[in-house]
Amino acid sequence: MKQFPVEQKSIWQRIVSRECIREGTVRLMKRLRQDHHRLYVYTTSYRSPAYVRRLFLSYGVRLDKVINKSLHDKMLGKTAGSISKYPPAFNIDVHIDDSPGVAIEGTRHQFNTIIVAERDNDWTATVLKQIASFQTL
């Protein structure tokens with residue numbers, strides 16, 4: 001189980017979900033939105049897109065799209081089982097994740113990834129710096 005500080009939850013957020021969001025996520029997503037980035041959540045879970053949207057909306061973050069395992073499988077068809085995530089199928093330019101395995105898939109299938117280390121206390125700055133480096137390419 002991942003160990004990192006999480007966002008504080010209001011009563012409303014506790015009603016919406018028992019899940020916790022990594023501390024800094026809300027601030028980062030709002031900054032990315034302010035910088036005119038589209039915000040997608042790509043999860044390997046079967047949680048419904050409506051549930052994921054409500055979770056983030058409870059923190060004041062509007063998502064442009066939610067991709068769950070069902071949509072991933074539908075879009076990728078027979079190849080869905082051979083790759084956990086494939087952002088190019090959903091027009092995602094940069095995929096942010098905490099799994100080193102996704103970085104390997106990104107290299108293998110040629111998509112941009114930013115991997116957030118569990119112990120990176122300044123992970124939001126790391127993400128913003130790496131996004132800026134992709135934009136200058």
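Leu32 sits in helix H2. Helices here are DSSP runs of H or I with at least four residues, strands are E runs of at least two, and both are numbered from the N terminus. The model is predicted: local features need pLDDT of at least 70, side-chain atom pairs count only at pLDDT 80 or more, and totals for chains, interfaces and linings use all residues. Residues are numbered from 1 along each chain as its sequence is written, and side-chain values use heavy atoms, with hydrogens and water left out.

Leu32 counts as buried because its relative accessibility is 7%. Buried means under 20% relative accessible area, exposed over 50%, and partly exposed in between, with a 1.4 Å probe and protein chains only. Setting aside residues up to four places away in sequence, Leu32 touches His37, Leu39, Leu128 and Ile131. Contact means heavy atoms within 4.5 Å.

An α-helix has 3.6 residues a turn, so residues three or four places apart point the same way. Just after H2, His36 adopts a positive phi of about 70°.

Now the core. A nonpolar core is a set of buried Ala, Val, Leu, Ile, Met, Phe, Trp, Tyr and Cys residues joined through side-chain atoms within 4.5 Å. The largest one has 20 residues, and Met29, Leu39, Val52, Phe56, Val61, Leu63 and Val127 have the most contacts inside it. H2, H3 and H6 each give two or more residues to this core. Met29 touches Leu39, Phe56, Val61 and Leu63, not counting residues up to four places away in sequence. Another core lies apart, with five residues, including Leu76 and Val102.

Last, the open space. A pocket is an open set of points on a 1 Å grid over the protein atoms alone, where a 1.4 Å probe fits, with protein on both sides within 12 Å along at least five of seven lines; lining residues have an atom within 4 Å of a point. The largest pocket holds about 1,400 Å³, a volume being the space filled by probe spheres set on the points. It has 38 lining residues, with Tyr40, Val41, Tyr42, Ile96 and Asp97 closest to its centre.
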